[in-house]
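Colleague: I would like to go through the charged side chains of this protein. Can you show me the model?

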Amino acid sequence: PDDPANPITTPLTMGRPPFSGSFKGSGDKKSKKGDSSKMEVDDPDDGRGNGPNHGLTTLVKHSLATAENYDPTAKPRQPAPRTLTLPLGATAAIIPATSASDHDPLLLPPSSKPELLALSFPLLVHTYCELLTCGLEHTAMALLDTYRHLYEPNHPNEIKDLDKCQSTKTIVTLNEDVVAQSLLHSEMRLHNGQIGLIQKKIAEIEKEVQSLKSKSKRSGEDDKQLQEQMRRVQKYNQSLTRHRVKLEELSSRNDALTSKLLALPFLRRVRALKWNITISTSSFGALTGFVSSRDELLPMSALLQSRCHLIVERRDPLPFCPPAVLEDMAATDGDKEDK
């Protein structure tokens, strides 16, 4: 929340500037008795609600303090009671809060940033497509090149699809094909419905014909009614044949469009369907506050309403686990298989 490049204001950062403090006990000022665990951080707002920042810098400080003397071959030591093991072998004592208003320096609140970052990717994709549709090809390419590093690690295939669509002609053709396929699907559903109704009518008429034929003695009126029912069956069969021929024609056109759209599978789904996004109430509050803060952000709000389907759940933001690189244990000379 205290990232200076982040324009979104959350309840934790409401009314206070980004973190700009300096470490005490580092540089020219050394900590007392050389104990790095007692270094402090200058609070830019005199300690008003800045517990999470203090906790984050404390974690980083404890880890960096032992980085220079870190020995990867040393055996791990059993942590003392009421201590927390940090990266690179550092430990920090957990100090219980003296009151309900105190912040635990090792307790960081859940952040809305991962959810908002996932929400911003659909906005990037639709903004890129809209810029290309309007003929602003250079602006669209500049937008994608500026922000691709944020999304390429998690969306490599989607970014490849965007790289294949770099001209107004490509996106306009894609939009026309998507609309044409949608109309084809609607017409195919209509013909399928008509075929089902005709088959139901034919089945009812055939039951009546069977009941008339099963009579041992038929009057002239029965024979006349039987001939009428046979003519109706013949008429319905002709109509059924026409619908089936039309349905086969539509199916062949749909197959041709589908094979054409397979070149851009991701953009095909983006332009044809709404993007389902699930966020927490706190993330939705931050989003609405940010979008309504300036008139220049109204296009972003319009994209969210027209192209996305937001599902807001009454919960805290989901916990975020950063990516990690795990190394397998070195295999012996006789065993080269991965473990």
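Modeller: What follows is a short exchange about salt bridges and a charged surface patch.
This is a predicted model, in which local features need pLDDT of at least 70, side-chain atom pairs count only at pLDDT 80 or more, and totals for chains, interfaces and linings use all residues. Residues are numbered from 1 along each chain as its sequence is written, and side-chain values use heavy atoms, with hydrogens and water left out.

Colleague: How many salt bridges does a search of the whole structure find?

Modeller: A salt bridge here is a side-chain nitrogen of Lys or Arg within 4 Å of a carboxyl oxygen of Asp or Glu. On that criterion, the search of the whole structure gives ten.

Colleague: Which residue forms a salt bridge with Arg307, and how far apart in sequence are the parts tied together?

Modeller: The partner is Glu130, with the closest N and O atoms 3.6 Å apart. Arg307 lies in helix H9 (residues 298-307) and Glu130 in helix H2 (residues 113-133). Helices are DSSP runs of H or I with at least four residues, numbered from the N terminus. So Glu130 and Arg307 tie together parts separated by 177 residues.

Colleague: Is Arg148 buried or exposed?

Modeller: Buried means under 20% relative accessible area, exposed over 50%, and partly exposed in between (1.4 Å probe, protein chains only). Arg148 has 17% relative accessibility. Therefore Arg148 counts as buried.

Colleague: Which residues form the positive surface patch?

Modeller: Lys and Arg count as positive; His and the chain ends are not counted. Patch residues have over 30% relative accessible area and no salt bridge, and like charges are joined within 9 Å. Helix H5 (168-213) and helix H6 (220-261) each supply at least two of the residues. The patch is Lys200, Lys201, Arg232 and Lys235.

Colleague: What is the relative accessible area of Lys200?

Modeller: Lys200 is placed in helix H5. Areas come from the Shrake-Rupley method with a 1.4 Å probe. Lys200 counts as exposed, and its value is 54%.

How values were computed
Patch = residues over 30% accessible without salt bridge, like charges linked within 9 Å, V, L, I, M, F, W, Y side chains within 5 Å. Charge placed at Lys NZ, Arg CZ, Asp CG, Glu CD.
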